[in-house]
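Okay, thanks everyone for coming.

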Amino acid sequence: MEKARPLWANPLQFVFACISYAVGLGNVWRFPYLCQMYGGGSFLVPYIIMLIVEGMPLLYLELAVGQRMRQGSIGAWRTISPYLSGVGVASVVVSFFLSMYYNVINAWAFWYLFHSFQDPLPWSVCPLNGNHTGYDEECEKASSTQYFWYRKTLNISPSLQENGGVQWEPALCLLLAWLVVYLCILRGTESTGKMEQLANPKAWINAATQIFFSLGLGFGSLIAFASYNEPSSNCQKHAIIVSLINSFTSIFASIVTFSIYGFKATFNYENCLKKVSLLLTNTFDLEDGFLTASNLEQVKGYLASAYPSKYSEVFPHIKNCSLESELDTAVQGTGLAFIVYTEAIKNMEVSQLWSVLYFFMLLMLGIGSMLGNTAAILTPLTDSKIISSHLPKEAISGLVCLVNCAIGMVFTMEAGNYWFDIFNDYAATLSLLLIVLVETIAVCYVYGLRRFESDLKAMTGRAVSWYWKVMWAGVSPLLIVSLFVFYLSDYILTGTLKYQAWDASQGQLVTKDYPAYALAVIGLLVASSTMCIPLVALGTFVLHHLKRGDVASVA
Amino acid sequence: ISHVLLCNVTQRVSFWFVVTDPSKNHTLPAVEVQTAIRMNKNRINGAFFLNDQTLEFLKIPSTLAPPMDPSVPIWIIIFGVIFCIVIVAITLLILSGIRQRRRKNKEPSEVDDAEDKCENMNTIENGIPCDPLDMKGGHMNDAFMTEDERLTPL
């Protein structure tokens with residue numbers, strides 16, 4: 001007798017698992033950045049159009065495939081066509097790369113969370129220098145939050161080449177992060193479900209990309225989740241719900257992020273004015289309280305004319321305070337989450353409480369997405385009879401977590417953040433586009449759109465509307481192809497790739513070129529996942545030929 | 001009031017001062033005054049109801065108070081607590097999983113024994129386990145039983 005496939009306890013659990021997977025850190029730190037770069041509210045137009053035209057159809061497709069084939073990504077694509085199981089393998093490889101580096105973010109969130117229980121918050125004050133007469137030099141040049149991030153958390157080296165050793169503090173946090181992930185996936189995936197610039201073509205491309213990656217298409221996680229569904233569940237409804245909730249979360253997160261930006265900008269602007277007033281008061285022995293925000297410019301002009309020599313001495317130290325320039329600092333990624341937000345939090349009342357809440361939220365988002373990633377890796381492994389007959393489920397999960405944790409230690413080295421950026425930018429981007437493109441073409445043209453449609457109708461009892469069919473067969477593949485072509489040409493035209501390195505002596509980021517071996521790693525990352533598709537197809541073809549050759553020779 | 005000499009008056013509240021020794025009638029050197037001020041900064045601040053941010057002596061950089069440094073960093077304590085909780089939870093889950101699997105392994109072995117018995121008696125049909133057919137005595141045909149009971153007893 002065949003063992004029954006474990007099922008979600010109820011459809012709500014499945015929906016929560018998908019939402020928890022799709023709503024991740026990208027909603028918090030990528031979407032608000034894109035909104036700011038591409039005209040604020042008007043970015044919503046290309047975003048929503050891409051959501052309807054690309055996001056929802058592809059999400060529905062992946063969920064339907066998983067629910068119909070009732071297997072993880074490798075098994076599902078093998079059922080569609082044996083030559084296409086390479087797509088599943090490529091998905092698993094990309095998920096593997098992602099889980100390697102993504103959990104480091106959770107490790108950093110743990111680090112900040114544990115440090116939030118102090119008064120004052122450690123990133124709100126600079127440490128003192130050697131003889132206690134002033135603050136540490138690097139901290140003075142940068143800011144206390146940047147210093148805490150780059151020096152205390154990462155202990156970053158000046159460039160990619162200088163590796164340094166593994167830092168034990170982030171390594172411990174990474175270990176804890178992997179233990180927490182292992183704890184959640186131990187009992188199986190089913191237990192994880194408890195939650196312009198319009199004319200600018202770049203805005204449209206970035207909207208398409210954001211929808212694509214924000215929903216987590218192509219990793220095999222959605223196929224894995226859906227494979228544990230009852231065949232009769234309404235995956236069309238689920239696809240719409242998940243994509244809408246994901247987008248609303250992004251928009252909500254942007255509202256919060258923009259108010260944080262405003263708070264931080266105002267605070268820093270007022271601080272800057274105070275510093276300039278203090279400097280001028282001290283230099284020219286002015287009356288205390290004489291200089292205010294309103295008369296600063298006038299007084300500066302007067303001083304420049306009355307005491308030209310003294311003024312020219314002090315002029316290089318006077319910063320030009322501008323609210324606009326503070327607001328214009330658009331940041332994304334780890335810089336937003338760990339520098340800008342912490343800077344805003346440290347100035348709030350009861351900052352320890354806000355800090356704990358904020359990093360707890362980041363952890364929830366990050367771990368939710370990690371569970372989806374590990375599901376994408378584990379489901380094909382536990383589905384395969386060879387592996388699951390030798391090892392129990394707990395051991396397979398433990399092995400996967402252990403291997404990922406060991407490799408993840410690379411990101412806790414001094415140069416680790418630079419390798420993190422490499423993985424973050426290149427491990428998933430191009431490969432995913434190709435994977436989803438092949439998925440769509442496989443379902444529509446290899447398996448057959450009519451056959452898939454009748455399967456869905458038999459499975460769920462509902463007909464598939466013409467809208468989905470048009471999107472699957474025509475619009476979405478065309479969109480993906482154009483995205484793919486754009487990114488390829490962008491990479492080729494830009495020439496050598498560059499990265500941002502932290503310069504401790506200047507207290508800011510500088511641009512540097514990647515060394516040759518880093519470029520090789522990037523190429524390897526992209527190639528190892530994309531090459532799976534043709535290689536496995538070729539291998540299956542050769543195996544078939546050999547089998548047919550044997551049969552023919554025997555006959 | 002004497003011995004107060006005003007000079008170099010500026011708009012902000014600031015002044016130069018010299019310390020004289022009345023017995024020897026000369027001004028004390030600056031270095032001595034500076035060390036004295038450095039040692040007693042707190043008392044001077046208190047006398048004026050000011051602090052290091054609001055009262056500054058030029059050329060005497062104030063030493064900043066080092067932040068409180070507990071012997072064991074607080075974050076390690078919290079880390080240790082959460083680490084232990086997670087390890088305990090993982091161990092519990094693994095142990096309960098092993099216990100469940102041992103229970104499942106016992107059940108199929110019992111079913112296997114019964115099936116072996118059935119095979120010897122050649123009474124397996126359509127994969128139905130023989131347990132319900134393996135009666136204690138001979139074969140009872142329920143139809144005859146009810147017939148006898150319908151007859152009125154004498």
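This is a predicted model: local features need pLDDT of at least 70, side-chain atom pairs count only at pLDDT 80 or more; totals for chains, interfaces and linings use all residues.

What about secondary structure? Chain B has two strands and four helices, and reading from the N terminus you get β-β-α-α-α-α. Now, how much of the chain is buried? Of the 154 residues in chain B, 12% are buried. And on contacts inside the chain: take those with a separation of 6 or more, and 8% of them come from residues 24 or more positions apart.

How many residues does each chain put into the contact? Chain A gives 30 residues and chain B gives 27 residues. Together chain B and chain A bury about 2700 Å², and 71% of that is on carbon and sulfur atoms. If you want names to look for on the chain B side, go to B:Arg12, B:Leu64 and B:Trp75, because those three supply 28% of the area that chain B buries against chain A.

Now the polar side of things. Between chain B and chain A the count is one salt bridge. Which side chains make it? B:Arg101 from one chain and A:Glu394 from the other, at 2.7 Å, N to O. By class, the side of chain B that touches chain A has 17 nonpolar residues, seven polar ones and three charged ones. As for polar contacts between the two chains, the count is one residue pair, with both residues at pLDDT 80 or more.

Last stop, a spot in chain A: A:Thr209. You'll find A:Thr209 in helix H10 of chain A, residues 201-214. Is A:Thr209 buried or exposed? Its relative accessible area is 8%, which is under the 20% cut-off, so A:Thr209 counts as buried. Leaving out residues up to four places away in sequence, A:Thr209 touches A:Leu483 and A:Tyr487. With A:Tyr487 there's also a polar contact, side chain to side chain, at 2.7 Å.

Definitions and conventions. Residues are numbered from 1 along each chain as its sequence is written. Chains are lettered from A and ligands numbered from 1 in the order in which they are written. Side-chain values use heavy atoms; hydrogens and water are left out. Contact means heavy atoms within 4.5 Å. Buried area is the accessible area (1.4 Å probe) that two parts lose on being put together, summed over both. A salt bridge is a side-chain nitrogen of Lys or Arg within 4 Å of a carboxyl oxygen of Asp or Glu. A polar contact is a pair of N or O atoms within 3.5 Å; within protein, one must be able to donate a hydrogen and the other to accept it, and residues adjacent in sequence count only if both atoms are side-chain atoms. Ala, Val, Leu, Ile, Met, Phe, Trp, Tyr, Cys and Pro count as nonpolar, Asp, Glu, Lys and Arg as charged, and the others, Gly among them, as polar. Buried means under 20% relative accessible area, exposed over 50%, partly exposed in between (1.4 Å probe, protein chains only).
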